[in-house]
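Hi,

Here is the structure I promised to pass on.

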Amino acid sequence: MATFFEGESHTFSEYLLVPGYSSAENIPANVSLRTPLVRYKRGEEPALSLNIPMVSAIMQAVSGPKLAVALAQEGGLSFIYGSQSADDEAAMVREVKSYKAGFVVSDSTLTPDMTLGQVMEMKERTGHSTMPVTDDGTSHGHLVGIVTSRDYRPSRDDRAKLVSEFMTPREKMIVAEDGTSLKTANDIIWDNKLNQLPIVDADNRLVALVFRKDYDSHKSRPDELLDQHKRYLVGAGINTRDYAERVPKLVDAGADVLCIDSSEGFSEWQKRTLAWIRENYGDSVRVGAGNVVDAEGFRFLADCGADFVKVGIGGGSICITREQKGIGRGQASALIDVCRARDEYYEETGVYVPVCSDGGIVYDYHMTLALAMGADFLMLGRYFARFDESPTRRVNVNGSYMKEYWGEGSARARNWQRYDLGGSKKGLSFVEGVDSYVPYAGPLKENVDNSLLKVRSTMCNCGALDLAEFRDKAKLTLVSATSLVEGGAHDVLLKDSSQQVNFRS
């Protein structure tokens, strides 16, 4: 007879935290969100830790090099998506590891024969008003000029006007040579009252741009996630098909940690993948595994040597695995079960295997609940897809700015390896994800700062100054449907800018 789990399968929205005693020390500024990323033994320090409990999902629509740098600057880590060739993924990893803070590779590059109309379209798509002009339109082509918002007037200029007619030409530009330090570049910017400084090599090829507005931000990043060589940490996704080819290339590119990207991790395929990595690299290559939704799945992957275990099946905003296959579990129930198993495993073996909660986060307070339930860190997809730094296009949908967002199980992603069950068949027999839009939310830093302020504030309400203390002190209660209504604004008429209100004395 089938095994039946007692009780219902719950989501984060069905829980609330009950406040505990908070002392005068419990203020957000005193809260540490540092958390282990990989397994470690009792009495030892983990080889890798995060300064904030956030990693980005292994998705085409989320984790590119630009977002990886932005998230590492805030203390988190991105996993570059694996649904591409091994060489292309390794190149993205290498781009992050070679990134020099303050030197920005252009993603809004023009050619002289483009039109003002095309400039306006690119500005709307990328949000950037400063656009270098190269001979071939690539980010490392020969520099021939630059366009800023001061070079044209959209209300008066003809949209057919060529870039070559209104750009600032190369001979009138101040540039710096490749190899210039960030300090020197900033001195040039301030001495010449510039907003940006192009960096070019000996052949006048564009290397990067340094912006005046970035100066202060590079002085105020205490949580930057750096390796021993002061390079940003970055992860990479792998699958259970081509790991023998992919892993060496990612390791050679400098990936700090890998993660098996799969919709369901309780399988021989993940065991084989982990065994191959351990046989060829020992413990020098760190690799997470998943996804699982119960204690049995966690223990299986922990025994196989996973450095962390991901929890969650079917809870992602673009995931329809539960609808298509009828497998999964409410994210809160799955997380509570797995975290309990992690603690038992630690008591039995002296080995702590961190748990990553993947999916089910809709609101910021869900992050806090997941951490209270035991998650060491969170993997987020939709959350990061909304930001400037995600690799998708910003589009206008019915008058609102949106970002494209699609699942790895969608027809668009064609990531059949993520859902592979072995055998000779290759390709998706049916989709397990959708193609969609998410509301555009602006830059990563501002949003992450705001979300984590809420997390820190709630931890203070519970009397905790770090995540371990938070897990120990957290008190959680299930809520009824009526409680959910009570928790929001109710029994009032909300103010609306379109309302007509007459005041009478």
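Domain 1 and domain 2 bury about 570 Å² between them, with 40% of that on carbon and sulfur atoms; buried area here is the accessible area (1.4 Å probe) that two parts lose on being put together, summed over both. On the domain 1 side, Lys66, Tyr99 and Arg394 lose the most area to domain 2, and together they make up 67% of what that side buries. The domain assignment puts 12-99 + 224-487 in domain 1 and 103-215 in domain 2; such bounds come from an automatic or database domain assignment. The centres of the two domains, taken over C-alpha atoms, are 36 Å apart.

Before you read on: this is a predicted model, where local features need pLDDT of at least 70 and side-chain atom pairs count only at pLDDT 80 or more, while totals for chains, interfaces and linings use all residues. Residues are numbered from 1 along each chain as its sequence is written, and side-chain values use heavy atoms, with hydrogens and water left out.

Back to the interface. Six residues of domain 1 are in contact (heavy atoms within 4.5 Å) with eight residues of domain 2. There is one salt bridge between the domains, meaning a side-chain nitrogen of Lys or Arg within 4 Å of a carboxyl oxygen of Asp or Glu. The side chains of Lys66 and Asp107 form a salt bridge at 2.9 Å, N to O. By class, the side of domain 1 that touches domain 2 has two nonpolar, one polar and three charged residues. In this scheme Ala, Val, Leu, Ile, Met, Phe, Trp, Tyr, Cys and Pro count as nonpolar, Asp, Glu, Lys and Arg as charged, and the others, Gly among them, as polar.

The salt bridge count by this rule comes to 26. One to look up is Arg246 with Glu89, at 2.7 Å, N to O. Arg246 sits in helix 7 (residues 243-253) and Glu89 in helix 2 (residues 86-97), so the pair ties together parts that are 157 residues apart in sequence. Helices (H or I, at least four residues) and strands (E, at least two) are DSSP runs, numbered from the N terminus.

There is also an open sheet of three strands, order 7-8-9, with antiparallel pairing; two strands pair if DSSP finds at least two bridges between them. Strand 7 (131-134) and strand 9 (168-169) are at the edges with a single partner strand each, so one side of each has no neighbour in the sheet. Strand 8 (residues 143-147) is joined to strand 9 by two bridges, and Ile146 has Thr168 of strand 9 as its bridge partner.

The peptide bond from Gly290 to Asn291 is cis, with omega near 10°, and Asn291 lies in strand 15 (residues 287-292). Asn204 is not a glycine, yet has a positive phi of about 65°; Asn204 is in the loop between strand 11 (196-200) and strand 12 (206-211).

Cheers
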